[in-house]
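Hi,

Here is the structure I promised to pass on. Have a look at it first, then read my notes below with the 3D view open.

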Amino acid sequence: MSVHRKQDAPDERNVLDTTKQGVLGEPLERPEGLLKVTGTATYAAEFDAENCLEGVLVTVPVVRGKVTSIDRESALQMPGVVAVIADERLTGRAAQGMAGEAPFQPAQQVCYWGQPVALVVAESFEEARDAAKHLAVEIDEDGDEAPLDPDAVEAEQRKPTKNGDLAHAMTQAVHSVDATFTTDGHASAAMEPHAAMAQWDGQSLTVHASLQMLKFNRAELADSLNLKEEQVRLISPYVGGGFGSKLGISEEAVGASLAAMELGKPVRVVMSRQQVFQTVMRRSETTQRVRLAADGEGRLTGFGHEARVSNLPGEEFAEPVLQSSQFLYGGDNRLLQLEVARIHRMTAGSVRAPGEAVGVQTVEQAMDMLAEKAGLDPVELRLRNIPDKHPAKDKPYSSRKLAECLREGASAFGWKEGPRKPRHTREGEWWIGSGVASAARIHAVVEAKARVTLRPDGTALVETDMTDIGTGTYAILGQVAGEMLGLSLDDVEVRLGDTDMPPGSGSGGSFGASSCGSAVFLACEGLRDTLAEKLGIEASDLSLKDGFALWEDEKKAITEVLDGKAIEEIGHFEPGKSTEDYAVASFGAFFAEVAVNHWTGETRVRRMTGAFGFGRVLNARTARSQCLGGMTWCIGNALTESLLFDPTDGHLANCDLAEYHVPVHRDVPDLEVLLLEERDAAASPIQAKGVGELGLCGGAGAIANAIYDACGARVFAYPMTPDRVLAAMPEA
Amino acid sequence: MPITINDTPHDLPDDPRVSLLDFLRSHAGLTGTKKGCDHGQCGACTVLVNGVRINSCLSLAVTHDGDEVTTIEGLGSPVSPSEMQMAFLRHDGFQCGYCTPGQICSATAMLKEIAAGWPSDATEDLEASPQLTGEEIRERMSGNLCRCGAYANIVAAIRDVAGESA
Ligand code: FES
Ligand code: FES
């Protein structure tokens, strides 16, 4: 049986506050944790298959051209080499998130430096790697004219948001800011490189893969290979991080599948770290102009945010930089305009918190500048500018904890109230300062299904093809089911990451927990109805706790009610009008303290506090970890992360973890996280929003503002590397 | 002499190009040790060789004739996890879990290095024994990247194992 709900109106029932188990929201350990800490959780490349062949992708060092010949013969002479796959179906780009169709084909049409064009398959990894390195590929190169510089080409304009007259508001403003910022490109750099192991039985294909969104990935892979979806099964029980890079399929999955189909043997393909950097996905660099117009009290009368991003020709995705600028602050005169430059770098796509991860911090810096001009405490300025309703569309906010986060975060951090004056504290060579920023991230939900079975022994089984990419899905889906069915987490088994199970939402856009959690919730509502029916009572009179059904003064073990027969339901959640009728988003606030070296310009983050409101907290431990992760990314975003492209030949110069600097242990101080409980009835039937990305949306701005407060250097380019800080450091 | 991995002897590979990491994962069937970069840049492949932590991707298997290797599987198993493994679990010192075996192997060896008096960049007084400060732990663990950003919890787990002195 199945329970379907399209959420067209807020769900104010807060059913999960009336249930009795008390397991939801608790900071429970991850049920799969023991496997992960003992090295026994199996990731894509680690599945065993007899006679498995090894494939290595071959990439080419040109930005544009066409492959004219590949010397298969010589490669096939090399020891252990079994095949060279350069099929027309080989894909040349990663699929965008939720594409559900084949990405760019054929791979032989080269559009960026480092594009894979072939796959060498051999008996061993060492043999395949050697042969791949020696494979002779001829290319009709046409890269000389290919545009490489996003600032040097005419850009396509996306539809703007325009209200009133911003230019006029700027001239009338008592205080105003007009500043231009740049952010460099970012890589997801998930620790597990992209990997796939494919098996073909002549009819159907099974691929162990490292992917975030299996139902879409299955469609993408089937379309790439000209197979029917039913012929493809994807298995991803554990994913070693995704951060957007595994939203869509990449070349390793297609290559492994083609090879397995051609050779009739299992084939494993794992990208090298360099290939992951060069071919998968980048967050576009951005140039952003922020304009703020305010009255004498610092209240916004005008708000402008314009951004230029880039992507390959033919790619629809444009880093949605302005996403939260639509609704974070007020100002009647508004102009938001995004434009896309077409250049030849690898595909630009989703990297954790696309849009807000670079779009909020610049606005937050501009707000800091405005606070200074208006002589106001930066926290107070933000509080004054929280709009009553969506500033551009006439609709209410569903629920919003922004003011609470700013206030409670400030007090936990020990924020000193009052206007800021830089260079107030020095310790030896180091200037010490602090900064604040708001956090904002749009809310999304996606269609999702999950099956929940109450087994005769009174335990429950949750099944969906949803993934756990480190986010805590195993824990939270078990907790939703346990709460609804009156079971402890130990009595709920959660199976994920297999397209043989009902299709969930996939992990992306922070929508996994609320979407799949809602599907599990709906299935459990159905099961509760069935139990009530078996007992001859109204479902509303039924409580479930510790394996017992309770009503009036009666009590009966669930096993007895089931009487040896399992019952199951498929929950089917669909987003409806509730998320359209309201402005639904997650909010928060960041506070950072930094030390900036007067002589070297080096910045060290000394401590950070984040306060977040994202609806119902499903597991306080894993939610906090998501926030810690996001805040850690803020440090990289603010200080070190930058994709560096060679301006002459377009290649990515820092394509590994030695040169692309993600934060390491010593870069990350103690971080404090406050989770503000909230119920957002419009967000989802479980009143939850997303948390996976919020911790990254604005925090780099708090660090930038702290740098200014510390040493007086207002830096307009991210990351704020020592050279950039030194160049902006005031003389005196 | 063969190589001993978690107390079990294995014959070395014929192909001299096989790294210790690939030997562990593909030949010995011990996939707990992870490959994050294959270039000594991430620490996911950290194992103990004769008690000392190394990046197994930077070392060829054939050079380990006679060596004793301990991997994450050798530190503890789901039925009898080590103290460090339990502390990572308690403190949620991981998210996706991919860097985790390397973090745990590294942390296990790192505490012994401090106890043995090895200094680090964070050691204030090179003459005195290094103290178990947060800064010492962070410095010495900086070769183990965690893109999920579990660092704060990892440090808490290590402090927990090291005792209140940290
Ligand atoms: S895999 Fe060895 S250090 Fe990264
Ligand atoms: S837990 Fe995912 S990289 Fe550390």
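Let's start with two helices in chain B: α3(B) passes α6(B) in a right-handed crossing. Keep in mind as you look that this is a predicted model. The axes of the two helices, α3(B) and α6(B), come within 8 Å and cross at roughly 135°.

Now zoom out to where the two chains meet. Here 49 residues of chain B are in contact with 45 residues of chain A. Several helices of chain B each give at least two residues to the side that touches chain A: α1 (20–27), α2 (72–75), α3 (83–90), α4 (100–115), α5 (134–140) and α6 (151–162). Which of them supplies the largest share? That is α3(B), with 4 residues. The side of chain B that touches chain A has 21 nonpolar, 18 polar and 10 charged residues.

Next, hop over to chain A and find the open sheet of 5 strands. Its order is β18-β19-β27-β28-β29, and the pairing is mixed. At the edges stand β18 (425–427) and β29 (671–675) of chain A. Each of these has a single partner strand, so one side of each is left without a neighbour in the sheet. From one strand to the next, the twist averages 25°.

Inside that sheet, take a look at β19 (residues 430–442) and β27 (residues 585–597) of chain A. These two strands run antiparallel and are joined by 13 bridges.

Helix α15 (residues 620–639) lies across β27, β28 (603–613) and β29 of chain A, and runs at about 130° to β29(A). Helix α16 (residues 699–711) lies across β19, β27 and β28 of chain A, and its angle to β19(A) is about 155°.

How values were computed
Residues are numbered from 1 along each chain as its sequence is written. Chains are lettered from A and ligands numbered from 1 in the order in which they are written. This is a predicted model: local features need pLDDT of at least 70, side-chain atom pairs count only at pLDDT 80 or more; totals for chains, interfaces and linings use all residues. Two residues are in contact if their C-beta atoms, placed from the backbone, lie within 7 Å. Ala, Val, Leu, Ile, Met, Phe, Trp, Tyr, Cys and Pro count as nonpolar, Asp, Glu, Lys and Arg as charged, and the others, Gly among them, as polar. Axes are lines fitted to C-alpha atoms, for helices over the stretch in contact, and angles run from 0 to 180 degrees between N-to-C directions. A crossing is left-handed if the near helix is turned anticlockwise from the far one by less than a right angle, and right-handed if clockwise. Two strands pair if DSSP finds at least two bridges between them.
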